[in-house]
Amino acid sequence: MTFKERLYIVNNIYVVYPRFKEILSAIDDCRHFSDLKDEPECLFLKGATGAGKTTLIKSYEKDYPRKETPEGTVVPILSVTIPSPATVKSVVSKLLWELGDPAYERGAISNQTIRLIGLMKDCGVSLVFLDEFQHFIDRDSAKVLKTVSDWLKDLILDTKVPMVLIGLPEAETVFQFNPQLSRRFANRHNLSPFEWSVDAGKEFRTFLHAVESQLPLLKPSDLASEEMALRFYYASDGIVAYVMKLVRYGTSSTQTRQRKTGLKCFSNCF
């Protein structure tokens, strides 16, 4: 295996640990159970930067890719990053663009919204991801914030399509301005960093063990040993993105040093 091939494997390591799996299951429930209710089942996911929110979205999306059929394009999962600053115009335009509307920016907001509702139905959209939900917050104007959140609430009612809002912890402030929207997102999850003190590092070490099992190295790296896990924990604060950066750096360093010294153990890089 070449150096490039090994780095590619490390850059694409994907680990589904228990909390991650629990949230994926909750999203799946929203998608499948909404047909049985008068209103769709929606979910709010918050988490710090680097906690793995974007990875979670992508991992769910890949199981439901868009496809071309004789009847047209099918888009099971509509996923959009909310623009900043968020306005009704910018959000509806982004959604229309993602669905392939050639005139996504044209028309009054009311006309754009009608087109969006129609396109979502025609494309078979069964779930919507809206990432960076904190962009709904306008600290200078609560009026703008409520306008966008009211539009989102109405869109949920008109389309009856379940939505998953993803954002930083402060995004939850939006619900304080709109109790009706808050009620529709009563199903809430927190993708927080690992905490060593909760279980003496058990969950974190299980995660590292899963990572190690995918590393393209010639010998075990002992990532999940208590000593090595503690090093990773203090260096990363339990944040998945930082852990993976360390793993990529360590793998790259190991490959380079193997060429020069014959070193085969990843742990010597830390």
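Visitor: What do exposed, partly exposed and buried mean in numbers?
Guide: Exposed means over 50% relative accessible area, buried means under 20%, and partly exposed lies in between (1.4 Å probe, protein chains only).

Visitor: Then is Tyr249 buried or exposed?
Guide: Tyr249 counts as exposed because its relative accessibility is 53%. Please keep in mind that this is a predicted model, in which local features need pLDDT of at least 70 and side-chain atom pairs count only at pLDDT 80 or more, while totals for chains, interfaces and linings use all residues. Residues are numbered from 1 along each chain as its sequence is written, and side-chain values use heavy atoms, with hydrogens and water left out.

Visitor: Where does Tyr249 sit?
Guide: Tyr249 belongs to helix α12, where helices (H or I, at least four residues) and strands (E, at least two) are DSSP runs numbered from the N terminus. The C-alpha atom of Tyr249 is 9.8 Å from that of Val10, although 239 residues separate the two along the chain.

Visitor: Stepping back, how many helices and strands are there?
Guide: The protein chain has 12 helices and 7 strands. Its C-alpha trace spans about 65 × 45 × 35 Å along the principal axes, and of the 270 residues in the chain, 45% are buried. Taking contacts (heavy atoms within 4.5 Å) between residues at least 6 apart in sequence, 69% join residues that are at least 24 apart.

Visitor: Which residues have the most contacts inside the largest nonpolar core?
Guide: They are Ile27, Phe129, Phe204, Phe207, Leu208 and Val247, in a core of 40 residues. A nonpolar core is a set of buried Ala, Val, Leu, Ile, Met, Phe, Trp, Tyr and Cys residues joined through side-chain atoms within 4.5 Å. At least two residues of this core come from each of α2, β1 (43-46), α3, β5 (127-131), β6 (163-167), α10 (202-212), α11 (226-236) and α12 (240-261). Helix α2 provides the largest share, 6 residues. Apart from this core lies another, of 36 residues, among them Cys42, Val88, Val128 and Ile137.

Visitor: What does Phe204 touch?
Guide: Not counting residues up to four places away in sequence, Phe204 touches Phe194, Trp196, Ala229, Phe232, Tyr233, Ser236, Gly238 and Val243.

Visitor: And how do the axes of α10 and α11 cross?
Guide: The two axes come within 10 Å and cross at roughly 100 degrees, where axes are lines fitted to C-alpha atoms, for helices over the stretch in contact, and angles run from 0 to 180 degrees between N-to-C directions. α10 and α11 are therefore roughly perpendicular to each other, since the scheme calls angles under 35 degrees roughly parallel, over 145 roughly antiparallel, 65 to 115 roughly perpendicular and the rest oblique. Phe204, Arg205 and Leu208 of α10 make the contact with Glu226, Ala229, Phe232, Tyr233 and Ser236 of α11.

Visitor: What classes of residue are in the contact of α10 with α11?
Guide: The contact has 5 nonpolar, 1 polar and 2 charged residues, counting Ala, Val, Leu, Ile, Met, Phe, Trp, Tyr, Cys and Pro as nonpolar, Asp, Glu, Lys and Arg as charged, and the others, Gly among them, as polar.

Visitor: At what angle do α2 and α3 pack?
Guide: Helix α2 (residues 18-33) packs on helix α3 (residues 53-61) at an angle of about 50 degrees, and their axes are 11 Å apart. The two helices are therefore oblique to each other. From α2 the contact uses Phe20, Ile23, Leu24, Ile27, Asp28 and Arg31, and from α3 it uses Thr55, Leu56, Ser59 and Tyr60. By class, these residues divide into 6 nonpolar, 2 polar and 2 charged.

Visitor: What is the phi of Glu132?
Guide: Glu132 has a positive phi of about 60 degrees although it is not a glycine. This residue lies in the loop between β5 and α6 (142-159) and counts as partly exposed because its relative accessibility is 27%. Ala200, again not a glycine, has a positive phi of about 60 degrees; its place is in the loop between α9 (196-199) and α10, and at 56% relative accessibility Ala200 counts as exposed.

Visitor: Last one: what is Asn178 in contact with?
Guide: Leaving aside neighbours within four places in sequence, Asn178 is in contact with Lys146, Ser149 and Asp150. Asn178 is in the loop between α7 (174-177) and α8 (179-184), and it counts as buried because its relative accessibility is 2%.
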